[in-house]
Amino acid sequence: MKKQTAAIHTGFQREDAYGSLAMPVYHTAAYEFTNAADMIESFCGRSDSPDYSRVMNPTVTFFENKVKSLTGANDVIAFTSGMAAISNTLMALSGAGKNVVTSRHVFGNTYALFSRTLSRFGVEARFVDLINLEEVKKAVDENTCCIFFESLTNPQMEVADVKALSEIAHKAGAALVEDTTMIPFTEFSAKELGVDIEVVSSTKYISGGATTIGGLVIDYGTIEGFSARMRFEMLLNMGAYMTPHVAYMQALGLENLDARYRLQSSNALELARRLREIPEIKEVNYVGLEDNPFHEISKRQYGPTFGGMITFELSDREACFNFINSLKLIKRATNLFDNKTLAIHPASTIFGPFTDDERKAMDVLDTTIRISVGLEDVDDLVADIRQALRHEP
Ligand SMILES: *Cc1c(COP(=O)(O)O)cnc(C)c1O
């Protein structure tokens, strides 16, 4: 099956008693067994019969199987949020005395997970410029458990060379972990680029119009024992497995992801081009623009569409706040890839809890506005942005 067909037609694990076309939502905590032998098989992980919904649930398994058939992964594990997927992955891979080589150009909470949480457990985060491969090589040593990076950083909009990072990681016996939230896994093959483990905030593109919070860990089977540790240690001991209702919503989102992604990407490209003509906007940053420094590498690695996130620069913080306050159609909100277009001033919100020095080190500027482009008609988006920049009443 081609990807779009698999997104629609991945089968149920067991035949449904009523021939339901939609996967039923199994709102249950536990499952009954017919005998002691079956219980042993299930509790010891030797059968696909669920025992308890902290570790397995038929609706969640169905969602995981859809992602598995779309990515060709060995295993896919769904979590309650993108952060749960990331934190559980890092806890499974690391330990006291280990280090993670990563960048300051990562999602704000991921940065805080490294700098504030994992550091308390003896895991060192080494922040480097992942575009500078010599710097990466120098930072990696025998205690490096993984190199962690994002496909397209936000709001800096940087794209690292995945195959080069993979080579460096594997030479040192470390895993390559990629957060691919910004470019859906339906668009490219992380496995072919040399990624060992993909983590995704399925809250964003996959949920289908910002319906629910969720996360995915996509394991390509290259790290010995990783998936077993995730299922039998992390799910059991940390308890952040996805819930069945969320899995139901996100499996539906996955069915129309392709159509939404294509429209969001073409809207974003048109919007980026038209924003360049507006004099109040100093600079438009979108990887889909041909003169963007990361355009070619993004196209080579992730394909010919560039997603729905744009940033642009205004003259100062005050101009940003005036703009945000004057929007009429575009929503003042965080989140990415809702069906509605959203605008935010990242420095004062998502990165607000950090110090000035930290923001500076992360290259989060006071002049940047981030737009998550939705599925509206671009004419209406341009009109709203133009009026907001001129503060028309
Ligand atoms: C939103 C986001 C996360 C966190 O995901 P949640 O589902 O909000 O927990 C992680 N990484 C990236 C790149 C994100 O955009």
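Biologist: Which ligand atom does the K204 side chain reach, and at what distance?
Modeller: In this predicted model, a polar side-chain atom of K204 lies 2.8 Å from an oxygen atom of the ligand.

Biologist: And how much of the ligand does the protein bury?
Modeller: The protein buries 91% of the 380 Å² that the ligand exposes when taken alone.

Biologist: Which residues are around the ligand?
Modeller: S81, G82, M83, I86, F107, E150, D179, T181, S201, T203, K204 and G214. By type, the shell has three nonpolar residues, six polar and three charged.

Biologist: Which element gives the largest share of that shell?
Modeller: Helix α4, residues 82-93, with three residues.

Biologist: Staying with α4, how does that helix cross α8?
Modeller: The crossing of α4 and α8 is right-handed. Their axes come within 10 Å and cross at roughly 115°, with α8 covering residues 226-238.

Biologist: Which residues make the contact?
Modeller: On the α4 side, N88, T89, M91, A92 and L93; on the α8 side, F226, R229, M230, M234 and M238. That contact divides into seven nonpolar residues, two polar and one charged.

Biologist: Different topic. Where is the cis peptide bond?
Modeller: Between N154 and P155, with omega at about 10°. P155 is in the loop that runs between β4 (144-150) and α7 (162-171).

Biologist: Moving on to α10 and α14, what is the packing angle?
Modeller: About 35°, with the axes 10 Å apart; α10 is residues 257-275 and α14 is residues 378-390.

Biologist: Left-handed or right-handed?
Modeller: Right-handed, as α10 passes α14.

Biologist: And which residues meet there?
Modeller: From α10, N267, E270, L271, R274 and L275; from α14, V378, D379, L381, V382 and I385. The contact of α10 with α14 splits into six nonpolar residues, one polar and three charged.

Note on methods
Residues numbered from 1 in each chain as written. Predicted model: local features only at pLDDT ≥ 70, side-chain atom pairs only at ≥ 80, totals over all residues. Heavy atoms only, no water. Near = heavy atom within 4 Å. Polar contact = N/O pair within 3.5 Å; in protein donor to acceptor, adjacent residues only side chain to side chain. Areas by Shrake-Rupley, 256 points an atom, 1.4 Å probe, with all protein chains shown as cover. Helix = DSSP H or I, 4+ residues; strand = E, 2+ residues; numbered from the N terminus. Nonpolar A, V, L, I, M, F, W, Y, C, P; charged D, E, K, R; others polar. Axes fitted to C-alpha atoms, helices over the stretch in contact; angles between N-to-C directions. Left-handed = near helix turned anticlockwise from the far one by under 90°. Contact = heavy atoms within 4.5 Å.
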